Protein chains: 2
Amino acid sequence: MINEFSMLRKKMSGKYMFSNILGCFVLDNNLNVIDMHVWKNSQEYADKEKVEEKLKKKYKKFLELNDKKEDKILQMFHDQKYFEQFHKRNVVYAKQKVRESVQKDTLLIQVVNTIDELDKVINMLVRRLREWYGYYNPETTRKIQDNEKFVELVLKKGKKELLGEMGISSDVSLGGELSKDDVSAIKDYAKKIIELFSLREQQKDYLDKLMDEICPNMTALTGTLIGAKLIEKAGSLERLMGFPASTIQIIGAEKALFRHMRNKSKNLPPKYGILHEHPFISNVKYEFKGKAARQLADKIAIAVKVDYFKGKFVGKELREKIEKQIKKWQKK
Amino acid sequence: MINEFSMLRKKMSGKYMFSNILGCFVLDNNLNVIDMHVWKNSQEYADKEKVEEKLKKKYKKFLELNDKKEDKILQMFHDQKYFEQFHKRNVVYAKQKVRESVQKDTLLIQVVNTIDELDKVINMLVRRLREWYGYYNPETTRKIQDNEKFVELVLKKGKKELLGEMGISSDVSLGGELSKDDVSAIKDYAKKIIELFSLREQQKDYLDKLMDEICPNMTALTGTLIGAKLIEKAGSLERLMGFPASTIQIIGAEKALFRHMRNKSKNLPPKYGILHEHPFISNVKYEFKGKAARQLADKIAIAVKVDYFKGKFVGKELREKIEKQIKKWQKK
């Protein structure tokens, strides 16, 4: 009898603790709130363990909630008086999370795409410049294949000088005679293209810096652009970190992969995606390319994990390991 | 007998004249060359009538060549000794023609395309800027719809100032906090976009000047851009001049036209192509748009012909005529 009574007492004095976005609540055995701590700001909610510890010391003897009890507590919050607070705090919390979601790798993805687009834009504009300037000086236009060099020459040297360098007199040139205004319109255009080239350079430097900050280990293995493209395709450094090496190996070859999965007999699985631009792969003999890609992806998978958890720098070591492996497969 | 003899004499003394790219040749009745004038330069060939006149005065009594005789003369030039000269002169002549083919309207087409491409490029770059800057300050990004204004604001004002203008404190903004370097990378990018906007303005001014030079009459009717696009689609001012009004009316609607021609019952013929951007058409009630386009195309066809043959300025007159016509069809 005494035993039963003490059991009951123990049960009665048992308490429950429940935390949500509003605060931390202490409830007695009948689920009446006997104490609560309302969060003052979202920081307190983020560190809710501190408050919970404090309350645990104060009241002791907490029982664990079972599903049934939890349901009842949750029903308590169905009360209209909580709604406004719930909504307000959720908005604040969500905003904070959105704000915090802008990490260095978010910017990195933007920069990679910017560089990609600048390349496309520059190509498009240079193609137009070639056609336009080609009416004036077709010989130089045809001779200079490199885009950047071509735009620089258009800007810096006159037609006579350029033709003279090729040993062509301007009477023999196929280009028409243009007025000074016409030529200066072309030069204005060329000037802006040159500036876009230098913008691309600038953005590349910025990308280098970002990569060095976010993932020095992977960058040591892949270089800036390929590494950044891997992160871009994965969506974030965190997601890339979660990928197995086999996935990293074929990032960027999704189309080929699904073609293979639909029709295995006809289509071999892809050996590499973005990685195929990497010198470790492109400099290797054809029959070893797949192997090299697997090796590289293995090491990248390790490097990304080290980067994500801010481990020490192992990039050089990893790189040397592959270099040793790949040496014997290299093209002569 | 005497008669016959004089006839024969007359025949004997008859001479033929034959000009080609090498020179002007005088041949006797048996088609032997008795005199020739070899062109000294391509200019002489262009003005060959002068030399021909001179030779005609010197020898008199030229007979007309018939086909048979001409065949024989042409065979004479099959001789190998002429080949090198033929080739050389043809190259010089062709080069000259190519050089001369670069007219103001050739440049105009390049400039129209340049402006079109700049618009595309600017749109593409601003779309990226919006995404990128949107991580930093999404509220302003969403609010400012106009691209040029948006880029200017990004460049000129800080985040705090921009948010302040909308009455948002930066704690409530959804944008993440970026370091100074990150923001300046965005600003470098925005700066180049602003410069592209001003390049577009510059090229537009240049286009205005070209249009005023080439076709003041058409420009008075169509404005710079639409007029330039008409020339671009036609290929040159000369070709546009050759088009009937009905063709000018539907330039730029080739797809719709051929769809109509393939399947007349299902697809109505197009009413206008490039012209639909013209305020004379866009400001007119729907049911009169076709009529307005026909009127406008009529007048453009006249204006282009005047422009091509360098007639006096009638653009204003033509424009007033349509304006009067169109007034009653305008949207209220």
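Axes here are lines fitted to C-alpha atoms, for helices over the stretch in contact, and angles between them run from 0 to 180 degrees between N-to-C directions. With that in hand, here are some close-ups of this predicted model.

**View 1. Helices α10(A) and α12(A) cross within chain A.** The axis of α10(A) comes within 10 Å of the axis of α12(A), a helix spanning residues 224-234, and the two cross at roughly 70 degrees. Because angles of 65 to 115 degrees count as roughly perpendicular, α10(A) is roughly perpendicular to α12(A).

**View 2. Here are the residues where α10(A) meets α12(A).** From α10(A) come R200(A), K204(A), L207(A), D208(A) and M211(A). Their partners in α12(A) are T224(A), L225(A), G227(A), A228(A) and I231(A). Sorted by class, this contact holds five nonpolar, two polar and three charged residues.

**View 3. Chain A and chain B share an interface, with 44 residues from chain A and 44 residues from chain B in contact.** About 4,300 Å² is buried between the two chains, and carbon and sulfur atoms give 61% of that area.

**View 4. A salt bridge links R128(B) and E117(A).** Their side chains meet at 2.9 Å, N to O. Six salt bridges are found across the interface of chain A and chain B. Between these chains, 20 residue pairs are in polar contact, both residues at pLDDT 80 or more.

**View 5. Take a look at the side of chain A that touches chain B.** Elements giving two or more residues to this side are α5 (80-101), α6 (104-134) and α10 (180-214) of chain A. The most comes from α6(A), with 16 residues. By class, this side of chain A has 19 nonpolar, eleven polar and 14 charged residues.

Note on methods: Residues numbered from 1 in each chain as written. Chains lettered and ligands numbered in written order. Heavy atoms only, no water. Contact = heavy atoms within 4.5 Å. Buried area = accessible area lost by both parts, 1.4 Å probe. Salt bridge = Lys/Arg side-chain N within 4 Å of Asp/Glu carboxyl O. Polar contact = N/O pair within 3.5 Å; in protein donor to acceptor, adjacent residues only side chain to side chain. Helix = DSSP H or I, 4+ residues; strand = E, 2+ residues; numbered from the N terminus. Nonpolar A, V, L, I, M, F, W, Y, C, P; charged D, E, K, R; others polar. Parallel < 35°, antiparallel > 145°, perpendicular 65-115°, else oblique.
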